[in-house]
Amino acid sequence: MVALNTSLSLNQRANEYFLNGNYIQAANLYEQAIAVNPEIKSNYWHLGLIFLLQEQEVEAQTTWFMAMMEGEAEQVNIWNAELLEILETEADRQEKLEKYNICEKIRQNIRQIAPDNIHNLLHLINLHIKLETYTEETFSELDIIEIINSNTKTNINLEILGKTISSVLHYIQIYPSSIEFFEACSLHFTENPQALMNIFIAAAVDIAYSRRQPKIAAQLCEIYLRLDNNNPGVLGHLSSFYQNSDDYELGIETAKTFYSLVERLPEKIFANRQILRGLMSAGGQWQESYSVNQRQQDLLAELIATNPQDLTPMDVSILLNSNYFAFYIEDNIAKNRSVQNKILQICQENHNIYAQAQVEKYSQGHLERKKQRISQKKLKIGYISHCFKSHSVGWLARWLLQYHDRDKFEINGYFVNSDNVSDLLHQWYINQMDKVFKSYNVWSLAEEIYQDEIDILIDLDSITLDITCEVMTFKPAPIQVTWLGWDASGSPSIDYFIADPYVLSESAQEHYQEKIWRLPQTYIAVDGFEVNVPKVRRDELDIPNDAVVYFSGQRGFKRHPDITRLQLKILKEVPNSYFLIKGLADEESTHKFFAQIAKEEEVDYARLRFLADAPTEGVHRANLDIADIVLDTYPYNGATTTLETLWMCIPMVTRVGEQFAARNSYTMMMNAGISEGIAWTDEEYVEWGIRLGKDADLRQQIAWKLRQSRKTSPLWNGKQFAREMEKAYEQMWQKYTTK
């Protein structure tokens with residue numbers, strides 16, 4: 001009894017030294033305890049652990065082995081379990097202390113004792129990720145996929161498994177074996193597939209959009225659907241992933257399945273939009289697009305008529321851009337803007353109900369801060385977007401950021417769904433900001449903006465991304481502005497929409513909820529574009545050197561049949577002319593679309609050429625030099641493509657309409673000092689196209705004027721534009737503080 005009490009006393013004191021990190025004193029006491037009572041095996045386990053923590057791995061393993069060598073098999077099993085429990089406890093403690101190297105060493109020793117311990121292996125994967133030692137070989141080295149497949153569903157802790165899946169998916173783009181790991185893990189969620197959905201869907205969205213790997217995201221969804229066939233939420237995402245992977249047919253069919261499974265009005269609106277998105281993106285499927293869009297308008301009319309006040313946050317999210325494609329189908333500013341404004345009004349009202357506490361907090365906070373910030377030295381400007389990367393908006397917005405006066409303005413960037421470490425433009429944007437915050441959680445984005453006390457928040461996305469639009473509904477900044485990414489969202493939370501004297505007519509204000517803030521000359525300006533070496537030649541395309549080459553480079557949903565018909569009418573009237581067509585769309589559908597219209601217009605289909613996408617933006621711009629005339633689209637003009645055309649000094653023809661999207665090229669041409677090619681009717685569009693095709697001298701005159709415009713035009717003066725935007729910000733702030 002005395003020996004036992006002595007041993008327990010020594011053990012207690014040793015443990016205190018151990019927890020305080022005094023390993024030498026602790027080891028001495030454990031050795032004394034072993035000498036007093038060698039039958040208490042836990043002292044050996046702790047002594048060996050101390051050796052391990054002191055980088056004496058051989059001594060540790062020898063201590064454990066010596067304590068077990070004389071035991072029977074049943075006893076050894078019990079002792080192993082005791083040792084593993086002690087090692088597990090210490091590994092957890094070291095991980096909480098963020099001593100990951102030590103934790104990893106302990107878990108590697110656990111693996112030697114129990115190589116099939118699945119939870120230890122999962123912890124090891126997470127440690128490899130934290131220590132940045134995770135590689136493609138990690139799974140094979142640990143044999144973990146085979147072990148996961150051999151374990152029964154009840155043997156694995158789903159919380160630990162889920163945490164590991166989430167960590168691994170971050171590296172899926174680099175290590176394809178992560179797909180195999182996800183597939184093996186998924187089988188353990190057959191009783192609770194929703195838990196797996198909660199883990200993987202956010203990662204899939206990030207993989208598809210931020211990292212631009214929709215095929216990988218689609219694979220994840222396909223694996224999940226083996227467990228939870230026809231899950232509407234996953235099918236909705238999957239339809240987009242397929243469409244973004246250029247698998248348009250499968251994307252459309254998936255969206256139709258999605259539509260057939262939902263019954264609630266908001267979900268039917270979203271599902272129908274997914275069908276329309278697929279049809280429009282594929283290009284050429286306009287008759288069905290018209291039909292699906294009419295159904296969309298009917299569904300939206302029903303929503304507006306019922307004016308629901310019980311929408312969920314998810315409902316609001318999927319409704320924000322539900323009218324997106326109407327602007328590509330019809331140039332009707334009164335109709336399109338009315339529907340858009342009413343939808344966003346419903347969304348805002350419902351948002352104010354379920355997010356009441358946060359909305360009221362921000363509103364009250366703005367009032368309290370207003371008095372304190374009137375005399376501030378710098379205005380705090382926040383820019384929010386998912387486009388701070390190699391994206392058309394990213395290419396255009398950079399000049400404003402570059403030329404901002406940092407003595408007057410503090411600039412924060414709120415990056416939505418962005419972690420593009422390999423994207424040079426993304427890294428450039430990070431370097432321009434005084435502060436960068438990245439997230440795809442609307443609540444945390446809104447809170448961060450509010451806590452940063454941003455004075456004016458600029459939305460670059462409008463409704464092209466629901467997350468950005470949702471953040472704006474919180475009104476986290478006292479002044480909120482939409483610029484550049486699309487037409488105005490119609491949200492009551494937006495104060496101003498940036499325009500200019502041309503891109504919206506004088507009477508346009510009656511169609512906008514937001515106050516139109518017109519800059520004096522242009523709503524966008526750049527210093528120019530990077531141009532690389534071209535990759536296409538006329539002889540490679542079987543086009544004679546003396547031929548007239550027309551060009552159109554827009555996505556499928558901009559190639560409206562009406563404007564395409566006008567383009568082929570032009571081609572028909574200009575001898576020795578060819579039409580180059582470039583832009584994302586379904587190849588087969590696009591060829592059928594142009595072949596049908598060419599047949600109807602009696603144009604030789606052999607005069608059409610289809611170009612693949614260029615490897616870089618610089619090459620794409622260089623390739624434009626093959627064209628003599630660019631034919632713009634309508635009712636949705638080019639924007640970035642128009643600026644690129646004008647920068648390359650190529651004449652173009654545009655059809656001006658009513659809505660913002662139908663006047664982009666008009667404002668850019670006017671600001672470049674070019675009126676030749678601006679058409680106000682279909683007839684003028686054809687006339688200008690024919691005239692430019694037949695008059696080489698006129699084309700040269702326009703090219704010369706465009707080249708000269710680089711020296712004087714406000715379109716090519718990013719610094720002057722930055723001053724005009726800053727002046728607008730200051731005037732907005734003055735109006736706000738003097739109210």
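A residue counts as buried when its relative accessible area is under 20%. By that cut-off Thr-482 is buried, because its relative accessible area is 0%. The model described here is predicted.

**Thr-482 and strand β5**
- Thr-482 belongs to strand β5, which spans residues 479-482.
- Apart from neighbours within four places in sequence, Thr-482 touches Asp-459, Ser-462, Asp-487 and Ala-488, and also Ile-494, Tyr-496, Phe-497 and Ile-498.

**Cysteines**
- A disulfide is a covalent bond between the sulfur atoms of two cysteines.
- The structure has 0 disulfides.
- Cys-387 takes part in no disulfide, and the cysteine sulfur nearest to it, that of Cys-469, lies 14 Å away. A disulfide would need the two sulfur atoms within 2.5 Å.
- Cys-387 has a relative accessible area of 2%, so it is buried.
- Cys-649 is also buried, at 7% relative accessibility.

**Helices α11 and α13**
- Two packed helices are described by the angle between their axes and the distance between the axes.
- For helix α11 (residues 177-186) and helix α13 (residues 214-225), the angle is about 20° and the axes are 10 Å apart.
- Angles under 35 degrees count as roughly parallel, so α11 is roughly parallel to α13.
- On the α11 side, the contact is formed by Ile-179, Phe-182, Glu-183 and Ser-186. On the α13 side, Ile-216, Gln-219, Leu-220 and Ile-223 take part.
- An α-helix has 3.6 residues a turn, so residues three or four places apart point the same way.
- Sorted by class, the contact of α11 with α13 comprises 5 nonpolar, 2 polar and 1 charged residues.

**Helix α30**
- Helix α30 covers residues 664-671 and is mostly covered, with 7 of its 8 residues buried.
- The buried residues of α30 are Asn-664, Ser-665, Tyr-666, Thr-667, Met-668, Met-669 and Asn-671.
- Among the elements that cover these buried residues are helix α29 (640-647) and the strands β12 (652-655) and β13 (678-679).

Key: Residues numbered from 1 in each chain as written. Predicted model: local features only at pLDDT ≥ 70, side-chain atom pairs only at ≥ 80, totals over all residues. Heavy atoms only, no water. Buried < 20%, exposed > 50% of the residue type's maximum accessible area, 1.4 Å probe, protein only. Axes fitted to C-alpha atoms, helices over the stretch in contact; angles between N-to-C directions. Helix = DSSP H or I, 4+ residues; strand = E, 2+ residues; numbered from the N terminus. Parallel < 35°, antiparallel > 145°, perpendicular 65-115°, else oblique. Contact = heavy atoms within 4.5 Å. Nonpolar A, V, L, I, M, F, W, Y, C, P; charged D, E, K, R; others polar.
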